[in-house]
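Reader: I have a model open and some terms to check. Please go through them with me, each against its definition.

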Amino acid sequence: MFDSLFFIVFKHYKNLKVKKANQFATIYISILQCLILLLLGMFFAGFFNQMNLNTLSQDKVWILFAMASIFIFFKNWIQYAGRKRKVLNAKMLSKKSQKYPAYMLYLLPVACFVLSIILWQAV
């Protein structure tokens, strides 16, 4: 799923003749994955709060989130740079890709962030 979203964003910027299309698409996917991780973290924090489980302090959880976010950015930088991106690009060219409007692609991270804030208020 993330590979297909990456190439949809990559093709969107490549069609606009932007030289840094790969960098924009990598940053988009990394931010989206971090926000999904944040959303899941907020959900489980609320769930564990309702179950009266205190396994980690809030400071330790934020440190773990920061470390996981750095790992996600590094993983995506390695994965979508160079030869592996070219192999994935060749696979995606053989498949018929779906076209999404650009505003829909940008609403996905915004929706994850808004849902995370709503869940944070509930915790």
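Reader: What makes the lining of the largest pocket nonpolar, polar or charged by class?

Author: By class, 16 of its residues are nonpolar, six are polar and no residue is charged. Ala, Val, Leu, Ile, Met, Phe, Trp, Tyr, Cys and Pro count as nonpolar, Asp, Glu, Lys and Arg as charged, and the others, Gly among them, as polar. This is a predicted model, in which local features need pLDDT of at least 70 and side-chain atom pairs count only at pLDDT 80 or more, while totals for chains, interfaces and linings use all residues. Residues are numbered from 1 along each chain as its sequence is written, and side-chain values use heavy atoms, with hydrogens and water left out.

Reader: What makes a space a pocket and not a cavity?

Author: On a 1 Å grid over the protein atoms alone, a cavity is a set of points where a 1.4 Å probe fits but cannot get out, whereas a pocket is an open set with protein on both sides within 12 Å along at least five of seven lines; lining residues have an atom within 4 Å of a point. The largest pocket holds about 660 Å³ of space, a volume being the space filled by probe spheres set on the points, which are joined across faces, edges and corners. Its lining has 22 residues, and the closest to the centre are Gly 41, Phe 44, Ala 45, Ser 57 and Val 61.

Reader: Which helix supplies the largest share of that lining?

Author: H2 does, with nine residues. Helix H2 (21-50) and helix H3 (58-79) each give at least two. Helices (H or I, at least four residues) and strands (E, at least two) are DSSP runs, numbered from the N terminus; the chain has five helices and zero strands.
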